[in-house]
Amino acid sequence: MKKVLSLLTTFLIPLFTIAQDAVSWSYKLIGDNTDSPAIEATAQISSGYHLYSVDNPAGGSNPLVFYFDTEGCELVGTPQANKSYITEFDDVFEVDQHFYDGSVTFTQKLKPLSKNYKVELEIKGQACNDSGCVQIYGSHIFKGTSPVTSSSDTTPESNPAPEKEESSIEKAEELAIMTDSLQSSEPFMTPAANLSGVSAHESWWENVEAELMVFSDDPQQQERSLWYILIAGFIGGLIALVTPCVWPMIPMTVSFFLKQNKTKRKSVMTAAVYGLSIIVIYVALGIVVTVLFGASALNELATSAGFNVAFFVLLVIFAISFMGGFELTLPSSWTNKMDSKVDATSGYVSIFFMAFTLALVSFSCTGPIIGTLLVEAAATSNFVSPAVGMFGFALALALPFSLFAMFPTMLKSVPKSGGWMNTVKVVLGFLELALALKFLSVADLAYGWRILDREVFVSLWIVIFALLGIYLLGKITFPHDDKVEKVGVTRFLLGVISLAFAVYMLPGLWGAPLKSISAFSPPLSTQDFSLYEGEVHAQVEDYEQGMLLSKELGKPVLIDFSGYGCVNCRKMEAAVWTDPEVKKSIDEDFVLITLMVDEKKALPEPIKVKEKDGTVRTLRTYGDKWSYLQRSKFGANAQPFHVIVDGEGKPLAPSFVYKEDIPAYKRFLNQGIDNYNKKKIK
């Protein structure tokens with residue numbers, strides 16, 4: 001398990017660095033030693049990201065801002081881009097967003113006023129992709145000369161002195177910064193003066209990336225995922241047992257073992273080897289899937305729009321097959337070859353080939369179940385999930401053969417084969433169809449098609465489960481169904497449950513949260529019409545004040561790094577925080593601090609800080625301060641970014657980034673509460 005977790009950590013760590021490299025800047029001074037110089041700043045924008053323009057409309061994402069500090073020159077006009085921005089309507093903000101992709105160069109013309117001039121440039125902005133938004137920073141110092149002579153340049157004796165004095169001041173400032181960094185044990189500077197008017201505790205600003213990475217390697221989370229796949233596989237195996245391809249084989253195979261072996265002990269041993277062979281065959285299939293795709297590919301399947309479309313098509317094909325549209329069969333030559341192997345071999349090898357023959361013969365029934373299970377296993381992004389899922393599936397499939405060999409009298413109580421098994425297949429077809437919509441929804445959100453908004457998804461599920469209920473009541477028949485003359489009690493109760501579930505989903509058309517399907521349905525923000533009100537609001541919008549409130553109330557802190565121009569922040573709030581249990585936990589168990597990294601309110605005075613890469617940056621607004629806090633303390637720059645800390649600023653759970661997964665968010669909150677309570681006891 002530790003090896004698996006270390007592999008996962010290897011792929012999780014880059015998630016933070018990828019976001020910070022969304023835009024890289026390069027700089028150039030052109031026309032030096034002329035009377036019309038200019039400075040250029042070129043943004044190289046990573047694939048999938050949008051860098052918003054200087055004049056991005058109010059109400060949209062954070063626009064690009066250029067700050068200039070000039071000496072010996074003045075600006076001519078404003079920075080000009082070398083290409084036009086792209087205009088696209090944003091459904092969330094309901095404005096036309098202006099942005100660039102690829103690369104773009106901004107040119108600022110200068111007018112020299114003295115022989116030597118200097119320009120300090122700082123750039124702030126925002127870039128977003130489908131997963132979140134990133135605050136963009138850039139800075140550079142330009143120094144140049146020009147043929148311009150002013151009155152101050154005519155006296156050769158007076159001009160050099162100020163130059164030397166200015167140079168000595170610059171060197172003193174650089175020396176002071178270097179001295180600070182050498183004397184301090186911290187890798188970067190923190191705001192010395194607490195500009196919110198609250199005395200900041202030293203530990204509140206300390207870097208905690210190492211502690212967060214420990215939580216990111218949380219074995220409980222990975223074990224939960226593997227347990228889920230194991231249980232799902234076992235349930236899939238139980239379902240496969242009652243299909244027409246497998247159920248009739250159980251008494252036939254067990255009877256064969258009992259007749260071929262003279263003693264009961266030998267029969268049980270043969271059946272056990274048969275069951276073990278089934279497990280080996282299916283686990284091997286899971287391992288093959290893992291080897292073919294590899295760990296990194298499995299990690300991408302959960303979010304890749306292309307794969308999700310492929311999964312949708314695959315599950316629809318499985319559904320049609322189960323409903324009787326066609327049979328999924330393997331080439332008959334494969335089955336014949338396995339039969340010949342059984343005849344040509346003896347002992348345990350012959351039993352293994354018998355198990356292989358069962359796997360091939362039953363493929364028309366088990367294939368769709370196995371396919372669905374492997375899709376779900378791949379979507380967990382866990383390297384060993386396919387093998388674990390196949391183990392659960394094979395275990396359920398193999399148990400009856402060994403069990404009935406041990407207790408052959410139990411075979412008399414087993415239900416006889418009949419039309420009820422085809423009913424099981426059709427029911428599975430309906431469920432496959434409903435599950436397929438989940439994968440189409442993921443692709444729809446990624447591509448922005450807006451063809452499967454929440455009300456459309458809920459409507460389709462209502463129709464699917466209503467039709468399933470009608471089918472179970474015998475009002476609809478499919479090609480391979482027997483004529484339903486009487487509806488049994490079990491079938492009637494299942495029909496009622498399906499119809500009741502369809503009725504339960506009806507309020508979702510008007511915005512009801514529908515907690516039971518929230519992990520499958522699109523976010524509430526995609527719904528055009530909603531009567532639901534259940535928003536979560538922060539108690540505090542200042543970090544230090546929130547930390548003090550945490551100490552007073554004795555509660556952990558939930559920090560929400562957000563932004564006014566962050567689309568996915570709004571999606572998280574609408575899709576996850578509106579869940580009643582999530583809302584109740586945040587309101588009652590935490591001090592919620594929302595920090596807007598694009599807040600424009602100016603600080604009482606600017607602060608100069610040193611980033612981890614050695615860059616000295618000026619914090620001018622509260623948004624700058626909160627963005628610096630996120631980078632320096634938690635090593636992240638993308639929003640939304642949620643983290644739980646105690647009163648000393650130490651993390652209590654792994655960070656939570658953009659993911660519309662209510663069960664996962666509940667686990668995130670519960671882990672923070674549990675670890676906080678454990679610390680209090682100590």
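This is a predicted model: local features need pLDDT of at least 70, side-chain atom pairs count only at pLDDT 80 or more; totals for chains, interfaces and linings use all residues.

User: How much of the protein counts as buried?

Analyst: 47% of the 682 residues. Buried means under 20% relative accessible area, exposed means over 50%, and partly exposed is in between, using a 1.4 Å probe and protein chains only.

User: Why is lysine 118 called buried?

Analyst: Its relative accessibility is 9%, and the limit is under 20%, so lysine 118 counts as buried. Glutamate 71 sits at 33%, so that one is partly exposed.

User: What makes lysine 118 and glutamate 71 a salt bridge?

Analyst: The label needs a side-chain nitrogen of Lys or Arg within 4 Å of a carboxyl oxygen of Asp or Glu. Here the N to O distance is 3.9 Å, so the pair passes. Lysine 118 is in strand β9 (residues 116–129) and glutamate 71 in strand β4 (residues 65–71), so the bridge ties together parts 47 residues apart in sequence. A network of salt bridges links Glu71, Lys118 and Glu120.

User: How many salt bridges does the structure hold, and which others can you show me?

Analyst: Twelve. Among them, aspartate 646 meets lysine 679 at 2.8 Å, N to O. Aspartate 646 is in the loop between β16 and β17 and lysine 679 is in helix α20, 33 residues apart. Aspartate 646 is at 7% relative accessibility, so it counts as buried; lysine 679, at 41%, is partly exposed. Lysine 659 also bridges to aspartate 661, with the closest N and O atoms 3.9 Å apart.

User: Why is strand β7 called largely enclosed?

Analyst: Five of the six residues of β7 (residues 95–100) are buried, so the rest of the structure largely encloses that strand.

User: How do you know that β6 and β7 pair?

Analyst: Two strands pair if DSSP finds at least two bridges between them. Strand β6 (residues 86–90) and β7 have five, in the antiparallel sense, and threonine 87 stands opposite histidine 98 in β7. Strand β3 (residues 50–52) also pairs with β7 in the antiparallel sense, over two bridges; there, tyrosine 52 has phenylalanine 99 as its partner.

User: What makes β1 and β5 edge strands?

Analyst: Their open sheet of four strands runs β1-β2-β8-β5, with antiparallel pairing. β1 (23–30) and β5 (73–81) each pair on one side only, which puts them at the edges. β1 is joined to β2 (residues 38–45) by eight bridges, with tyrosine 27 facing alanine 41.

User: Why are β12 and β17 edge strands too?

Analyst: Another open sheet of four strands has the order β12-β11-β16-β17, with mixed pairing. β12 (591–596) and β17 (656–657) each have a single partner strand, so one side of each lacks a neighbour in the sheet. Helix α19 (residues 622–634) packs on this sheet, touching β11, β12 and β16. Touching, or contact, means heavy atoms within 4.5 Å.

User: What makes the stretch from Val487 to Val496 a nonpolar patch?

Analyst: Patch members need over 30% relative accessible area and no salt bridge; nonpolar side chains (Val, Leu, Ile, Met, Phe, Trp, Tyr) are joined within 5 Å, like charges within 9 Å. The patch is made of Val487, Val489, Phe492, Leu493 and Val496, with about 440 Å² of accessible area together, by the Shrake-Rupley method with a 1.4 Å probe, where for residues only the protein chains shown count as cover.

Methods: Residues are numbered from 1 along each chain as its sequence is written. Side-chain values use heavy atoms; hydrogens and water are left out. Axes are lines fitted to C-alpha atoms, for helices over the stretch in contact, and angles run from 0 to 180 degrees between N-to-C directions.
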